[in-house]
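Okay, thanks for coming, everyone.

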Amino acid sequence: RESDHRAWTPVSYTVTRQNATVQGLSEGKAYFFRIAAENIIGMGPFTETTKEIVIRDPITVPDRPEDLEVKEVTKNSVTLTWNPPKYNGGSDITMYVLESRLIGKEKFHRVTKEKMLDRKYTVEGLKEGDTYEYRVSACNIVGQGKPSFCTKPITCKDEIAPPSLDLDFRDKLIVRVGEAFSLTGRYSGKPAPKVTWLKDDIVVKENDRTKIKTTPTTLCLGILKSVREDSGKYCVTVENSTGSRKGFCQVNVVDRPSPPVGPVVFDEVHKDHMVISWKPPLDDGGSEITNYIIEKRDAHRDLWMPVTSATIKTTCKIPKLLEGRDYQIRIYAENLYGISDPLISDEMKAKDRFRVPDAPEQPIIKNVTKDSAVVVWNKPYDGGKPITNYIVEKKETMATRWVRVTKDPIFPSTQFKVPDLLEGCQYEFRVSAENEIGVGDPSPPSKPIFARDPIAKPSPPINPEAVDKTKNSVDLSWQPPRHDGNGKIIGYLVEYQKVGDEEWKKANLTADSCPETKYKVTGLTEGLTYKFRVKAVNAAGESEPAYVPDPVEVKDRLEPPELILDANMAREQHVKAGDTLRLSAVIKGVPFPKVSWKKEDREVSPKADIEVTGVGSKLEIRNTVHEDGGIYSLTVENPAGSKTVSVKVVVLDKPGPPRNLQVSEVRSDSCYLTWMEPEDDGGSVITNYVVERKDVASAQWVAISSTSKKRSHMAKYLVEGTQYVFRVAAENQFGRGPYVETLKPIKAIDPLHPPGPPKNLHHVDVDKTEVSLVWNRPDRDGGAEITGYLVEYQEDGADEWTKFQTVPMLDCVVTGL
């Protein structure tokens, strides 16, 4: 029967076994059962179950827990997590049992004594470096189930991994005002990194609009309803003990600009237009201003009229105004994201207040030179605004175009020195005045002027002298005047006067017939004495005369020869072999002397080119060789005398070969070389010797010394038994001379000496006519293999030794005694 009913219900009438299966029961309900035995006589009393039985499935221990994982390991703790068993055995899990085993030990030990239902546990108090494995079991009302599979062995140590950062945002982010934006990403690292958000190097704090969310693997910064002040450089830093990583994003929260900054300035006001200016907005909305929209309004009307909607300048001309009307201006700023509120000006009446300056009067030109002139003018009426600049222009008289003389401002001076004129050109000048309204009309042009220096008469010529004469002429020479009076010297006037006369006669009628600083005065009378003077002439006139100091008697001149030596005729002339030798001198004398060149009192070599002119002579020898050196003499001779000069010529060349090359002290690995200096050092000090050797079997010479200044050298590092030849050359600053070689090869072997005496000579057998001798090898072989031993004998009392024979071995039988 059910526990809450009284009526019994039969289950079976014919059960002969001692058990029965009751079917058709309801799960969860409680029942009582009773049983009675029956025989042929009848049914006995019932036996009843003592307590009610609740109907449910049979209960077992739970299955093994699943997915046991190690979440974190430090040097003294391990954190583990797991999932419940797939089947709880028909009864709720009452607790979990976590066990550990130290690697190397056999038994598992329970980790926690208290009852544990959480599926995460951190085992603490472990020893750094120890290695454990873990397992977990589930318990229900029946008992403890099977343990889970063991973890891998876990060693207690701090897990270290540098932070990594993977961001979902780019370097730059543009956001409209009022919109939300977020910066997200993922990160990792062990120990778990610390996440910090900065904006413009200041830590970001959470508020109504700013939210920061960080999970163990993700990070996020979100801003709701962004404002312009949210613009800036955002930085996220992920940092743990092993390092840090940073990510950056330049966020620009953009909006339409703020209004342009006033007040509106009326820079110019005229009867039909105005020029206004303003300042850009304080905030451009995070995007550069692309445009200003300007509108105008007649103060007595409500309608705004467009002026322009395509300018980025902060100044604008307002055209098409009606004289006498009042106007208002309004200005909008525009960027990519919209148009600002307007800036509205005060009212302004359209009428002329100021004008450009008047034209100055005709300027005056002063202080003209060949490349400059000073322009002077008077200040004109300034038109109501102060004059800020003058503009000076120039024009060649025949040209039509006016050119500004300078881009620099000219103020407050009312004169200007104009530079860079072209000498000889004719110029006109004019001046305009400028104020802040503009540039006024130009003045009338100045009177034309030529660009040239003011000219004065020149100073007299310098040092006039008579340089030559004949029986009817005198040659004069002088130097130009110190001052040409700023005018080109056209030429010179030469005058002469017979001594005793008062009248000066002109040798030339016009100055341009004597442009040079010399003149030959002809038509003079032989034997008479004359005075001479010279004047310089330019466009301004003649200079004062300059006089030849002494009167000159007109007759043929006889002068002994004179030699003026050139630099290449100094006492000693050095020339490098192969270069060209040049000897030259200036020759004077009347009549012109006869010229002869000699070398060592003999004729010079036919290869020498000799040239004689009316003023001197030159000797030239191309491709000189050492033999061209020697003493060269130049002799000049005329009826008044003769003169000779000499010069020693040294042709510098490479030296000759060294002399007397000898080899001595030959050893198995070295020998000693000596030599004498060359007969000819090439005209220059020998700087060093070059020593080379060659194996007879080789074609290659090998340098063994190239810097030695001595005339000897120890040749080392020879190979014993090899035959060598040696050669030596001398060097000076002009190169290396020819080599001298050894006459025959030298073999690298040690010198031979006689061997030492044999040792321990004694007899081993004696007969009546012979003796058997033996001995030992000598201590030294003298540097060569011993080829034999010479045996001699001497009769006792005799002086002479008798040679017996030479034997190769260390024994001998002497016979015939």
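Where does UniProt place the feature "domain: Fibronectin type-III"? The record, an unreviewed entry, puts it at residues 1-58, 64-159, 259-353, 359-454, 460-557, 657-751 and 757-817. Before I go on, please keep in mind that this is a predicted model.

The record has another feature as well. From UniProt, again an unreviewed entry, we get "domain: Ig-like" at residues 163-252 and 561-646.

So what do some of these stretches look like in the model? Take residues 64-159: the chain there is 0% helix and 45% strand, with the end C-alpha atoms 29 Å apart. For residues 657-751, you get 0% helix and 49% strand, and the ends, by C-alpha, are 30 Å apart. Now the Ig-like stretches. Residues 163-252 come out at 0% helix and 64% strand, with 28 Å between the end C-alpha atoms. Residues 561-646 have 0% helix and 62% strand, and there the end C-alpha atoms are 16 Å apart.

Let's go into the sheets. A quick reminder: strands of a sheet pair through backbone hydrogen bonds, either parallel or antiparallel.

I'll begin with an open sheet of 3 strands, in the order β5-β6-β9, where the pairing is antiparallel. Its edge strands are β5, residues 66-73, and β9, residues 120-123, and each of them pairs on one side only. From one strand to the next, the twist averages 20°. If you zoom in on β5 and β6, the latter being residues 78-83, you'll find an antiparallel pair held over 5 bridges.

Val663, for instance, has Leu673 in β58 as its bridge partner.

One more pair, this time with its turn. β22 (residues 261-269) and β23 (residues 274-279) are antiparallel and joined by 5 bridges, and a hairpin of 4 residues connects β22 to β23. Look for Val261 there: its bridge partner in β23 is Lys279.

Now a loop. Asn378 sits between β32 (373-376) and β33 (389-396). What does Asn378 touch, leaving aside its neighbours within four places in sequence? Pro360 and Glu361. Asn378 and Pro363 are 15 residues apart along the chain, and their C-alpha atoms are separated by 7.6 Å.

Rolling a probe the size of a water molecule over the atoms shows where empty space is left. The largest pocket has a volume of about 1,100 Å³. It is lined by 34 residues, and the closest to its centre are Val11, Ser12, Arg34, Ile35 and Phe46. Which elements give two or more residues to that lining? Those are β2 (34-35) and β3 (47-48). By class, the lining has 17 nonpolar, 11 polar and 6 charged residues.

That's my tour, so over to you for discussion.

Notes
Residues are numbered from 1 along each chain as its sequence is written. This is a predicted model: local features need pLDDT of at least 70, side-chain atom pairs count only at pLDDT 80 or more; totals for chains, interfaces and linings use all residues. Side-chain values use heavy atoms; hydrogens and water are left out. Two strands pair if DSSP finds at least two bridges between them. On a 1 Å grid over the protein atoms alone, a cavity is a set of points where a 1.4 Å probe fits but cannot get out, and a pocket is an open set with protein on both sides within 12 Å along at least five of seven lines; lining residues have an atom within 4 Å of a point. Grid points are joined across faces, edges and corners, and a volume is the space filled by probe spheres set on the points. Ala, Val, Leu, Ile, Met, Phe, Trp, Tyr, Cys and Pro count as nonpolar, Asp, Glu, Lys and Arg as charged, and the others, Gly among them, as polar. UniProt positions are given in the numbering used here, feature names are shortened, and annotations may be inferred rather than shown by experiment. Contact means heavy atoms within 4.5 Å. Axes are lines fitted to C-alpha atoms, for helices over the stretch in contact, and angles run from 0 to 180 degrees between N-to-C directions.
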